[in-house]
Amino acid sequence: AGITVALQGLGHVGWHVAEHLHGAGARLIVTDIDQARMAQAKADFGAEAVDVDRIYDAAADLFAPNALGAVINDETLPRLQVAVVAGSANNQLAEDRHGAALRERGILYAPDYVINAGGIINIAYEGPNYDKARAFEHCAGIHDTLLDLFARADREGLTTDAMADRLAEERLAAARAAATRRPSLRKVV
């Protein structure tokens with residue numbers, strides 16, 4: 001409640017993000033190529049609608065890219081007036097160096113594939129015995145993963161995107177090590 005979010009993209013995911021943010025009391029500044037969708041966001045959420053290219057200039061607490069990749073780039077980064085970048089679009093950084101540029105500007109970046117892990121987590125629970133509560137409880141762990149990622153990045157002097165890569169590599173290595181310790185099915189049978 002009380003924060004302002006500059007939300008880029010009102011497609012399937014972006015619309016749900018807008019609904020949740022509005023429901024939590026956030027003020028929304030939105031953009032989309034679909035003018036009707038922006039008008040609907042104004043009507044439903046009291047959102048301020050801006051032209052597609054003006055979203056980068058919006059004075060907000062958080063920028064939520066939910067549409068396109070490579071939106072954090074040499075042209076857009078200096079225009080951002082936010083403290084946080086966190087959205088559902090894939091590959092938000094045009095180049096790795098843009099993660100460092102965000103850090104230098106004091107903008108906290110929630111790496112896209114960490115913040116978007118909920119989709120993959122939910123898929124892992126799908127099937128005939130789908131338990132939405134269990135899936136969502138697992139997804140809630142993304143919060144702790146992000147806090148750990150941010151703290152480790154600060155301690156180790158890394159960008160959050162570099163730390164996200166390191167955490168992913170550590171988790172994969174741990175999973176490989178655990179798999180090699182398990183007896184094979186041939187030995188069990």
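Colleague: Which way do Leu62, Phe63, Ala64 and Pro65 point from S4?
Modeller: Leu62 and Ala64 point one way, and Phe63 and Pro65 point the other way. All are buried. Buried means under 20% relative accessible area, exposed means over 50%, and partly exposed is in between, with a 1.4 Å probe and protein chains only.

Colleague: What kind of model is this?
Modeller: This is a predicted model, where local features need pLDDT of at least 70, side-chain atom pairs count only at pLDDT 80 or more, and totals for chains, interfaces and linings use all residues. Residues are numbered from 1 along each chain as its sequence is written, and side-chain values use heavy atoms, with hydrogens and water left out.

Colleague: How many helices and strands are there?
Modeller: The protein chain has 9 helices and 6 strands. These are DSSP runs numbered from the N terminus: helices are H or I with at least four residues, strands are E with at least two.

Colleague: In what order do the strands sit in the sheet?
Modeller: The order is S3-S2-S1-S4-S5-S6. The sheet is open, and the pairing is parallel. Two strands pair if DSSP finds at least two bridges between them.

Colleague: Which strands stand at the edges?
Modeller: Strand S3 (48–49) and strand S6 (108–109) do. Each has a single partner strand, so one side of each is left without a neighbour in the sheet.

Colleague: Back to S4. How many bridges join S1 to S4?
Modeller: There are 4 bridges between strand S1 (residues 4–8) and S4. Ala6 stands opposite Phe63 in S4.

Colleague: And which residue of S5 is the bridge partner of Phe63?
Modeller: Val85. Strand S4 (residues 62–65) is joined to strand S5 (residues 84–85) by 2 bridges. The two run parallel.

Colleague: How many bridges join S1 to S2?
Modeller: S1 and S2 share 5 bridges and run parallel. Val5 stands opposite Leu28 in S2.

Colleague: Is S2 largely enclosed or open, and why?
Modeller: S2 is largely enclosed by the rest of the structure, because 4 of its 5 residues are buried.

Colleague: What does helix H2 lie across?
Modeller: Helix H2 (residues 35–45) lies across strand S2 (27–31) and S3. H2 runs at about 170° to S2. Axes are lines fitted to C-alpha atoms, for helices over the stretch in contact, and angles run from 0 to 180 degrees between N-to-C directions.

Colleague: Which residues does Arg37 touch?
Modeller: Arg37, in helix H2, touches Leu10, Gly11 and Trp15, not counting residues up to four places away in sequence. Contact means heavy atoms within 4.5 Å. The C-alpha atoms of Arg37 and Leu10 are separated by 6.8 Å, with the two residues 27 apart along the chain.

Colleague: Now Ile55. Where is it found?
Modeller: Ile55 is in the loop between S3 and S4. Ile55 is buried, with a relative accessible area of 1%.

Colleague: What does Ile55 touch?
Modeller: Not counting residues up to four places away in sequence, its contacts include Ala6, Leu7, Ile29, Val30, Val50 and Phe63.

Colleague: Is Asn91 buried or exposed?
Modeller: Asn91 counts as exposed, at 56% relative accessibility.

Colleague: Whole chain now. What share of the residues is buried?
Modeller: Of the 189 residues, 38% count as buried. The C-alpha atoms fill a box of roughly 65 × 45 × 25 Å, taken along the principal axes.

Colleague: How many positive and negative side chains?
Modeller: The chain has 19 positive and 26 negative side chains. Lys and Arg count as positive and Asp and Glu as negative, while His and the chain ends are not counted. The centres of the two sets lie 9 Å apart. The place of a charge is taken as NZ of Lys, CZ of Arg, CG of Asp or CD of Glu.
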